[in-house]
Amino acid sequence: MIRVLLGGLLALTIAMGIGRFAFTPILPSMQAEAGLGVGEAGLVASINFLGYLLGAAVTGLVPPGPPRTWAFRVSLVASVASTAGMGLTTDLVAWSVLRFVSGVASAGMFVLGIAMTLDALGRAGRETLAGWLYSGVGIGIAGSGLFVALSGGVLDWSGKWLALGLICAVLAPVSWGAMTDQPRPTGKTADAPASGGGWLSAPLLLLTAAYFLEGAGYIVTGTFLVAILKGMPDTAALGGVAWMVTGLAAAVSPALWAWTGRRLGLWRALMLAHTVQAVGILLPLAGLGVAGGLLSAALYGGTFVGIVGLAFGLGRQLSGGASAKVIGALTTVYSVGQVLGPLPAGLAVEATGSYGVALAGAAGAVMLGTLLLALGSALAGRGLRAGAAHG
């Protein structure tokens, strides 16, 4: 069981922490040394988001059993290759293709890796370990950020990509061997949803809508946090440090939020996580200097991965244990939010000359998700009471 959990954790480290998010700390070197312009960087990043959206939409449709296992393994190879490949060219079209492939591969590993790990933990009755799985994202973010910072005087932008690709290649065999999909036995009823809802139930639809709003809100801070801190005199030196703080918080928070979910219930824990994140999004506007910048990074990193784990756990519960399908659906709407969120935020920054409106809108989207979660919790509770009365 520990082998499967480690395989899932490393899959998220490779696909998300490095394959998807290493672009952020390496970007300044690519701009300074390879001539990548701001607009071109935005284009490459958007193409990665689109690849992730497509991968999330398709991956949930992969049939159970060996097809899912091999889809995961193909995604694993593609993720490692596309990470290393970024260091082998300076062509914008090639970079765009590689980031698109990386996005598709990241989604494949994310959806299938989490689904297979959660199913394995469920079969073994070890669901309480699930919180540690999501630490892989934060470990990758913090690790890649620290590596880029320490290698600054040794490796150029190309060497950084190649070295991170090599690190992923060393880690990949653990995930390759540990991750296999085992379809649930026909007629199994142990995973029936506690609320009696299932697919297209009102609570699950409200959770999905809230998760879309989370994707649209959280990505604004993910896109602009470093730029915001660098743009203010009292936090200008925090850019790279803040990103590492984000990663460290993301690494340790999933287990904490999983524990919170067990104590408060998944609905209440999600609402609390949304509220804490909204506070973190708004903190850069409070004028608290270095302390505020670091706290904002910590609250952001300390909630966005935890929200993923809580939402997936709740979605799996509401759908009757259909891990890959519900994770694929949730990841798809989250991805749509990520694609759409930065657009109005960027327009607001250009129109107003500040990040105030953009951050307020992002926090508002996250808090609107909290209201939808409260409604979903109420409806789910009503369903439970109705089921008990009929029983």
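Val 44 is buried, with a relative accessible area of 1% (buried means under 20%, exposed over 50%, partly exposed in between, using a 1.4 Å probe and protein chains only). This valine is found in helix α3, where helices (H or I, at least four residues) are DSSP runs numbered from the N terminus. Leaving aside neighbours within four places in sequence, Val 44 is in contact with Phe 23, Leu 92, Trp 95, Ser 96 and Arg 99; contact here means heavy atoms within 4.5 Å. Trp 161 sits 117 residues away from Val 44 along the chain, and the two C-alpha atoms are separated by 15 Å.

A quick word on the model: it is a predicted one, so local features need pLDDT of at least 70 and side-chain atom pairs count only at pLDDT 80 or more, while totals for chains, interfaces and linings use all residues. Residues are numbered from 1 along each chain as its sequence is written, and side-chain values use heavy atoms, with hydrogens and water left out.

## Asn 48 and Ser 102

Helix α3 covers residues 38-59 and also holds Asn 48. Asn 48 is buried too, at 4% relative accessible area. Neighbours within four places aside, this asparagine is in contact with Arg 20, Arg 99, Ser 102 and Gly 103.

Now look from the other side of that contact. Ser 102 lies in helix α5 and is buried, with a relative accessible area of 0%. Again setting aside neighbours within four places in sequence, Ser 102 is in contact with Gly 19, Asn 48 and Ser 82.

## How α4 meets α8

The axes of helix α4 (residues 66-85) and helix α8 (residues 157-178) come within 7 Å and cross at roughly 165 degrees. (Axes are lines fitted to C-alpha atoms, for helices over the stretch in contact, and angles run from 0 to 180 degrees between N-to-C directions.) That makes α4 roughly antiparallel to α8, since angles over 145 degrees count as roughly antiparallel, under 35 as roughly parallel, 65 to 115 as roughly perpendicular and the rest as oblique.

Which residues of α4 and α8 make the contact? On α4 they are Trp 70, Phe 72, Arg 73, Leu 76, Val 77, Val 80, Thr 83 and Ala 84. On α8 they are Trp 161, Leu 162, Leu 164, Gly 165, Cys 168, Ala 169, Ala 172, Ser 175 and Trp 176. They divide into 13 nonpolar, three polar and one charged (Ala, Val, Leu, Ile, Met, Phe, Trp, Tyr, Cys and Pro count as nonpolar, Asp, Glu, Lys and Arg as charged, and the others, Gly among them, as polar).

## Aromatic pairs

The structure holds 12 aromatic pairs. Rings of Phe, Tyr and Trp (its six-membered ring) pair if their centres lie within 6.5 Å; planes under 30 degrees apart count as stacked, over 60 as edge-to-face and the rest as tilted. Tyr 52 and Phe 110 make a tilted pair, 6.4 Å centre to centre with 50 degrees between the planes. This pair links distant parts of the chain, with Tyr 52 in helix α3 and Phe 110 in helix α5 (residues 92-123), 58 residues apart. Tyr 52 is buried at 1% relative accessible area, and Phe 110 is buried at 6%.

Tyr 211 and Phe 312 are also tilted, at 5.9 Å centre to centre and 55 degrees between the planes. Here Tyr 211 is in helix α9 (residues 202-230) and Phe 312 in helix α12 (residues 289-318), 101 residues apart. Both Tyr 211 and Phe 312 are buried.

Conventions: Helix = DSSP H or I, 4+ residues; strand = E, 2+ residues; numbered from the N terminus.
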